[in-house]
Amino acid sequence: PPAPADALFDEIQALRSNPSDELRQGMELAHQGKLAEGIALIENLLQSHPRLVEAHVGLISLYTRLGQFARGEDHYLAAKRLDPNHPGNYFNQGLLLARLGSFPRAEREFRRALEINPAYPEAHTKLAYTLEAQNRWSEAAAVFRQAIENNPEDSQAHFGLGRVLVKQEAY
């Protein structure tokens with residue numbers, strides 16, 4: 001067993017560490033293609049900060065990228081328990097569900113993210129993609145237009161709108 005002084009030192013180190021910096025470092029590793037290292041760092045961070053919603057939300061995305069959907073779902077549920085009004089949680093769960101081909105469920109998650117934050121540009125774009133995947137062309141076009149209105153630089157929304165208009169022969 002660790003000596004009492006060692007345990008106290010460990011507690012002081014945990015208090016000194018900035019969880020936001022560690023989370024940012026883990027996400028940066030993942031974006032550099034080092035998914036396993038990024039996930040390990042964030043999972044380790046959750047050992048000392050289990051209520052850090054942003055860490056759970058980030059892990060949904062990273063586990064989805066790895067195809068480990070059940071683990072992503074676990075973090076979705078944890079984040080939802082901690083903060084049921086975090087739009088990123090619903091957005092990342094929508095991405096996970098869309099990746100599984102569960103478009104009606106993904107649509108509900110993206111809509112929930114937009115209820116919380118109506119100006120969430122990526123949520124509009126991904127919602128439009130889920131509507132398109134369900135052959136709901138006019139609804140998808142309207143949501144792509146909303147995404148473009150919110151963020152005129154969103155090239156995915158412009159491309160998606162063009163594709164939907166071609167499918168509708170409304171160009």
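Which residues have the most contacts inside the largest nonpolar core? They are Phe 91, Ala 113, Tyr 120, Ala 123, Leu 127, Phe 144 and Leu 161, in a core of 25 residues. A nonpolar core here is a set of buried Ala, Val, Leu, Ile, Met, Phe, Trp, Tyr and Cys residues joined through side-chain atoms within 4.5 Å. Buried means under 20% relative accessible area, with exposed over 50% and partly exposed in between (1.4 Å probe, protein chains only). Helices H6 (87-99), H7 (103-116), H8 (121-133), H9 (137-150) and H10 (155-168) each supply at least two residues of this core. H9 gives the largest share, six residues.

The model is predicted: local features need pLDDT of at least 70, side-chain atom pairs count only at pLDDT 80 or more, and totals for chains, interfaces and linings use all residues. Residues are numbered from 1 along each chain as its sequence is written, and side-chain values use heavy atoms, with hydrogens and water left out.

Now the overall fold. The protein chain has ten helices and zero strands. Helices (H or I, at least four residues) and strands (E, at least two) are DSSP runs, numbered from the N terminus. The chain has 171 residues, and 39% of them count as buried. It exposes about 9600 Å², of which carbon and sulfur atoms supply 53%. Accessible areas come from the Shrake-Rupley method with a 1.4 Å probe; for residues, only the protein chains shown count as cover. Contact means heavy atoms within 4.5 Å. Among contacts between residues at least 6 apart in sequence, 47% join residues at least 24 apart.

Leaving aside neighbours within four places in sequence, Phe 91 is in contact with Phe 110, Ala 113, Tyr 120, Glu 122, Ala 123 and Lys 126. Apart from this core lies another, of twelve residues, among them Met 27, Ala 30, Ile 39 and Ala 55.

Ala 30 lies in helix H2 (residues 19-31). It is buried, because its relative accessible area is 0%. Beyond residues up to four places away in sequence, Ala 30 touches Leu 35, Gly 38, Leu 62 and Arg 65. Ala 30 and Leu 62 are 32 residues apart in sequence, yet 7.4 Å apart in space, C-alpha to C-alpha.

Gln 93 shows a polar side chain's setting. It lies in helix H6. Gln 93 counts as buried because its relative accessibility is 1%. Setting aside residues up to four places away, its contacts are Ile 60, Glu 73, Tyr 76 and Glu 109.

Next, helix packing. The axes of H7 and H8 come within 9 Å and cross at roughly 155°. H7 is therefore roughly antiparallel to H8. Axes are lines fitted to C-alpha atoms, for helices over the stretch in contact, and angles run from 0 to 180 degrees between N-to-C directions. Angles under 35 degrees count as roughly parallel, over 145 as roughly antiparallel, 65 to 115 as roughly perpendicular and the rest as oblique. The H7 side of the contact includes Phe 103, Phe 110 and Ala 113, and the H8 side includes Ala 123, Lys 126 and Leu 127.

H9 and H10 pack at about 155°, with axes 9 Å apart. They are therefore roughly antiparallel to each other. Among the residues that meet are Trp 137, Phe 144 and Ile 148 in H9, and His 158, Leu 161 and Leu 165 in H10.
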